[in-house]
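I opened this entry to get my bearings in a structure that was new to me. My notes follow in the order in which I looked things up.

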Amino acid sequence: EPEVDINSPDKAKCEEILKENILKELDACTEKVMLKLSLPSVDNFYKECVDHPMCLRVVALSGGYERAKANEILSKQTGMIASFSRALTEGLTYEMTEEDYEAALDKSIEGIFQASKST
């Protein structure tokens with residue numbers, strides 16, 4: 001579950017190094033794997049991983065982005081789906097009524113689903 005810090009001034013370079021090494025490892029794999037990666041700086045950056053024959057699925061970590069931003073970035077990543085735990089619970093509080101909590105959670109799930117579906 002490699003995660004690149006979204007605030008890193010070298011985020012794009014880190015992603016390049018990460019992808020290069022992931023592709024090497026995928027080429028050497030004898031069993032199919034699933035990758036769980038931070039949302040990339042460049043649209044479809046991990047498409048080679050998505051399309052690799054040894055990759056079952058690439059799921060995206062929200063990585064600290066606010067949910068709306070994470071959904072926006074994810075919606076531009078062909079073949080990636082969400083694995084957003086932090087973004088999923090954004091805005092949920094103990095003080096909410098059950099009705100408000102469920103409505104907020106439903107809205108969060110729907111937004112993340114749509115971002116995943118658009119890929």
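**Notebook: loops, helices, totals**

I started with Thr 78, which counts as partly exposed at 36% relative accessibility; buried means under 20% relative accessible area, exposed over 50%, and partly exposed in between (1.4 Å probe, protein chains only). Thr 78 has its place in the loop between helix 3 and strand 3. I then took a distance from Thr 78 to Val 50: they are 28 residues apart in sequence and 8.2 Å apart in space, C-alpha to C-alpha.

Ground rules next. This is a predicted model, in which local features need pLDDT of at least 70, side-chain atom pairs count only at pLDDT 80 or more, and totals for chains, interfaces and linings use all residues. Residues are numbered from 1 along each chain as its sequence is written, and side-chain values use heavy atoms, with hydrogens and water left out.

**Overall layout**

I listed the secondary structure and got five helices and three strands. Helices (H or I, at least four residues) and strands (E, at least two) are DSSP runs, numbered from the N terminus. Along the sequence I read the pattern α-β-α-β-α-β-α-α. The C-alpha trace spans about 50 × 30 × 20 Å along its principal axes.

How much of the protein is buried? Of its 119 residues, 34% count as buried. I also looked at contacts (heavy atoms within 4.5 Å). Among those with a separation of 6 or more, 56% come from residues 24 or more positions apart.

**Helix 1**

Helix 1 covers residues 11-28, which is 18 residues. From first C-alpha to last, helix 1 reaches 26 Å, close to the 26 Å expected at 1.5 Å a residue. The expected span is 1.5 Å times one less than the number of residues. I found Lys 11, Glu 15, Leu 18, Lys 19, Ile 22, Leu 23 and Leu 26 buried in helix 1. They sit on the same side of helix 1, because they cover an arc of only 135° around the axis. The arc is that of the directions from the helix axis to the C-beta atoms. On the other side of helix 1, I noted Asp 27 and Ala 28 as exposed.

What do the buried residues of helix 1 pack against? Their partners are strand 1 (33-38), helix 2 (47-51) and strand 2 (55-61).

**Helix 3**

I moved on to helix 3, residues 67-74, where Arg 67, Ala 70, Asn 71, Ile 73 and Leu 74 are buried. Their arc around the axis is only 165°, so they lie on the same side of helix 3. These buried residues pack against strand 2, strand 3 (80-82), helix 4 (86-89) and helix 5 (98-117).

**Helix 5**

Helix 5 has 20 residues and reaches 28 Å from its first C-alpha to its last, close to the 28 Å expected at 1.5 Å a residue. Its buried residues are Ser 108, Ile 112, Ala 115 and Ser 116. Seen down the axis of helix 5, they fall within an arc of 100°, so they line one face of the helix. Glu 99, Asp 106, Lys 107 and Lys 117 are exposed on the other side of helix 5. The buried residues of helix 5 pack against helix 3, strand 3 and helix 4.

**Ile 6**

I went back to the segment before helix 1, where Ile 6 lies. Ile 6 is partly exposed, with a relative accessible area of 22%. Leaving out residues up to four places away in sequence, Ile 6 touches Lys 11, Gly 63, Gly 64 and Tyr 65. Ile 6 and Glu 98 are 92 residues apart in sequence and 33 Å apart in space, C-alpha to C-alpha.

**The loop between strand 1 and helix 2**

I looked up two residues here. Val 42 is found in the loop between strand 1 and helix 2 and is partly exposed, with a relative accessible area of 44%. Val 42 and Lys 32 are 10 residues apart in sequence and 25 Å apart in space, C-alpha to C-alpha.

Asn 44 has its place in the loop between strand 1 and helix 2. At 31% relative accessibility, Asn 44 counts as partly exposed. I flagged its phi, which is near 60°, a positive value in a residue other than glycine. Most residues other than glycine have a negative phi.
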